[in-house]
Amino acid sequence: MKLSRYEQETIVNYNAGEKTATLYTRDKAVMRKLDTLVADFPDTYKLTKQDEVSKTYSFPKSYVCYRKLRAVSTEQRERARQMMIAKNKAKGD
C-alpha cells in the first residue's frame, strides 16, 4: 500500500511510570533503521507488532534523546570547507 508523505508518520510514546518507550511508524526509512537495531541489539530493541503498512517497536525510554543544535562558527565552517577542498583535490590527483 502506497502512503502519502503526510501518512508516513512516526509516534514515540512513553510515560514516567514505565521504563520502556514505544515507537509506532509508517515510515519505511525509520523501519529500516529500527529493524537494523532489532537485529544488532535484540536484547534492547524489540519489534512488538506489525501489519502491511506499519511497525511498532519497544526500547528503553532512556534511549530517547533530545539534542540542541551544534553551534558552528564562521571560522569552523570555513576550516571545514577548506579541508573538504583539500580532500577532494587529493582524490583527484
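Visitor: Which residues is Lys55 in contact with, leaving aside its neighbours within four places in sequence?
Guide: In this predicted model, Lys55 touches Leu23, Tyr24, Thr25, Met31, Asp35, Leu47, Lys49 and Gln50 once those neighbours are set aside. Lys55 itself lies in strand β4.

Visitor: What makes the link between the side chains of Lys55 and Asp35 a polar contact?
Guide: The side chains of these two residues are joined at 2.7 Å, and a polar contact asks for a pair of N or O atoms within 3.5 Å.

Visitor: Why does Lys55 count as buried?
Guide: Its relative accessibility is 15%, and buried means under 20%, so Lys55 counts as buried.

Visitor: How many aromatic pairs does a search of the whole structure find?
Guide: The search finds two aromatic pairs. In one of them, the rings of Tyr45 and Phe59 have their centres 5.5 Å apart and their planes at 40 degrees.

Visitor: Why is the pair of Tyr45 and Phe59 called tilted?
Guide: Stacked planes are under 30 degrees apart and edge-to-face planes over 60, with the rest counted as tilted, so an angle of 40 degrees makes this pair tilted. Because Tyr45 lies in the loop between α1 and β3 while Phe59 lies in strand β4, the pair ties together parts that are 14 residues apart in sequence.

Visitor: Why is the pair of Tyr45 and Tyr63 called edge-to-face?
Guide: The planes of these rings stand at 70 degrees, with the centres 5.8 Å apart; since edge-to-face asks for over 60 degrees, the pair is edge-to-face. This pair links distant parts of the chain, 18 residues apart, with Tyr45 in the loop between α1 and β3 and Tyr63 in the loop between β4 and α2. Tyr45, Phe59 and Tyr63 form one aromatic cluster.

Visitor: What do Val12, Tyr14 and Tyr66 form on the surface?
Guide: Together they form a nonpolar patch with about 330 Å² of accessible area. Val12, placed in strand β1, has a relative accessible area of 42%, and because this value lies between 20% and 50%, Val12 is partly exposed.

Technical notes:
Residues are numbered from 1 along each chain as its sequence is written. This is a predicted model: local features need pLDDT of at least 70, side-chain atom pairs count only at pLDDT 80 or more; totals for chains, interfaces and linings use all residues. Side-chain values use heavy atoms; hydrogens and water are left out. Rings of Phe, Tyr and Trp (its six-membered ring) pair if their centres lie within 6.5 Å; planes under 30 degrees apart count as stacked, over 60 as edge-to-face and the rest as tilted. Helices (H or I, at least four residues) and strands (E, at least two) are DSSP runs, numbered from the N terminus. Patches are made of residues with over 30% relative accessible area and no salt bridge: like charges are joined within 9 Å, nonpolar side chains (Val, Leu, Ile, Met, Phe, Trp, Tyr) within 5 Å. Accessible areas come from the Shrake-Rupley method with a 1.4 Å probe; for residues, only the protein chains shown count as cover. A salt bridge is a side-chain nitrogen of Lys or Arg within 4 Å of a carboxyl oxygen of Asp or Glu. Buried means under 20% relative accessible area, exposed over 50%, partly exposed in between (1.4 Å probe, protein chains only). A polar contact is a pair of N or O atoms within 3.5 Å; within protein, one must be able to donate a hydrogen and the other to accept it, and residues adjacent in sequence count only if both atoms are side-chain atoms. Contact means heavy atoms within 4.5 Å.
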